[in-house]
Amino acid sequence: MANTSLKPPKLDSSSLPGMKSYPFGKIEPNSTKYFVSCMLGGVIACGPTHTFVTPLDLVKTRRQVASDLYKSNIEGWQKIYRAEGLRGVFTGWSPTFIGYSFQGLGKYGFYEIFKHIYGDNMFPNMNRTVVFLGASASAEFIADMLLCPFEALKVRMQTSIPPYAKNLREAWGKTTAEGGIAKLYAGIVPLWGRQIPYTMCKFATFEETVRLIYKQLGGQKEDYGKLAQTGVSFLGGYIAGIACAVVSHPADVMVSKLNSDRKAGESAGKAMSRIYGNIGFAGLWNGLPVRIVMIGTLTAFQWLIYDSFKVYLGLPTTGGH
């Protein structure tokens, strides 16, 4: 007699209406898997984008340290290319890629963690903008400890002519030989001074800008398709980038000066006082137009990449609530 028992067929959820499979499967909001995914998204958003604008960052940094070195960015690139070729134009790309990948992990991943801790657990009735500011400041404090050694090497490689070192390994060896690991963290305080206000402005402005964009468009974020949502992320990111470039620029100049012109045994406070005495208030704004273009574009693409990655994983885009 034939066996008439039937096994239930296996269903492919991706073939069912309204169902879709995602690379990491279902991710619950504010779970460990969610936060790790956001960290990975931060790496993908920050490492490649910062590396891509290395030529712009190179000229900007050199003009901050020596304002009369190049008359324009184009002249700077031409001189560097003639002297060192394409490799010279991308001086500092390796510490940039590694450093800002680590920073992206800390910046975006811990922002989501602290936003949940502060906004949902500790202070559920707190003004949302205050939560965004607190979460971003806390996240950047951690992110900068990951970034600082590589930022120090990048600035040294970019501001020395000829370059301080040919590659990351050589730069690391030379710098630690001068003062150990502590030498790599000599600029941590001014880095916090630059990056924490920058990130507070970046995240809070982005969240508020995205909310206002959806308010002007009418309806809720969920009423719009994923392509439209990531477009809003790009626009909100560009506006936020312009704002935070201006807010953080004086500290950015000071970090560049400290990493290139700090004397042995000199305290950070004494070095900043001496440098300010040399360049004055106007000197703190050297290279601002270039940085606005660089940071505005950079921030826009970072938010676009980050939120596109979240959509790819089946997660909602940032902001708009």
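The model is a predicted one, so local features need pLDDT of at least 70 and side-chain atom pairs count only at pLDDT 80 or more, while totals for chains, interfaces and linings use all residues. Residues are numbered from 1 along each chain as its sequence is written, and side-chain values use heavy atoms, with hydrogens and water left out.

On the overall picture, the chain holds 10 helices and zero strands, where helices (H or I, at least four residues) and strands (E, at least two) are DSSP runs numbered from the N terminus. Read from the N terminus, the elements go α-α-α-α-α-α-α-α-α-α. The C-alpha trace spans about 90 × 50 × 35 Å along its principal axes. Of the 321 residues, 48% count as buried; buried means under 20% relative accessible area, exposed over 50%, and partly exposed in between, with a 1.4 Å probe and protein chains only. As for contacts (heavy atoms within 4.5 Å), 73% of those between residues at least 6 apart in sequence join residues at least 24 apart.

Two helix pairs come next. Helix α1 (32-52) packs with α4 (residues 93-122) at an angle of about 145 degrees, their axes 7 Å apart. Axes here are lines fitted to C-alpha atoms, for helices over the stretch in contact, and angles run from 0 to 180 degrees between N-to-C directions. The crossing of α1 and α4 is right-handed; a crossing gets that label if the near helix is turned clockwise from the far one by less than a right angle, and is left-handed if anticlockwise. Sorted by class, the α1 contact with α4 has 14 nonpolar, nine polar and one charged residues. In that sorting, Ala, Val, Leu, Ile, Met, Phe, Trp, Tyr, Cys and Pro are nonpolar, Asp, Glu, Lys and Arg are charged, and the others, Gly among them, are polar.

For α5 and α6 (residues 168-184), the axes come within 10 Å and cross at roughly 120 degrees. That makes the two helices oblique to each other, given that angles under 35 degrees count as roughly parallel, over 145 as roughly antiparallel, 65 to 115 as roughly perpendicular and the rest as oblique. This α5 and α6 crossing is right-handed. The α5 side of the contact includes C148, F150 and R156, and the α6 side includes W172, E178 and K183. By class, the contact of α5 with α6 has 10 nonpolar, one polar and three charged residues.

Helix α5 (residues 128-159) also carries K154. Despite its charged class, K154 counts as buried, at 3% relative accessibility. Its side chain and that of D57 are joined by a polar contact of 2.7 Å, the term being for a pair of N or O atoms within 3.5 Å; within protein, one must be able to donate a hydrogen and the other to accept it, and residues adjacent in sequence count only if both atoms are side-chain atoms. Setting aside residues up to four places away in sequence, K154 touches D57, T61, G92, P95, T96 and Y100.

Before α1 sits I27, buried at a relative accessible area of 9%. The C-alpha atoms of I27 and L315 are 7.5 Å apart, although 288 residues separate them along the chain. N30, also in the segment before α1, has a phi near 60 degrees, a positive value in a residue other than glycine. Most residues other than glycine have a negative phi.
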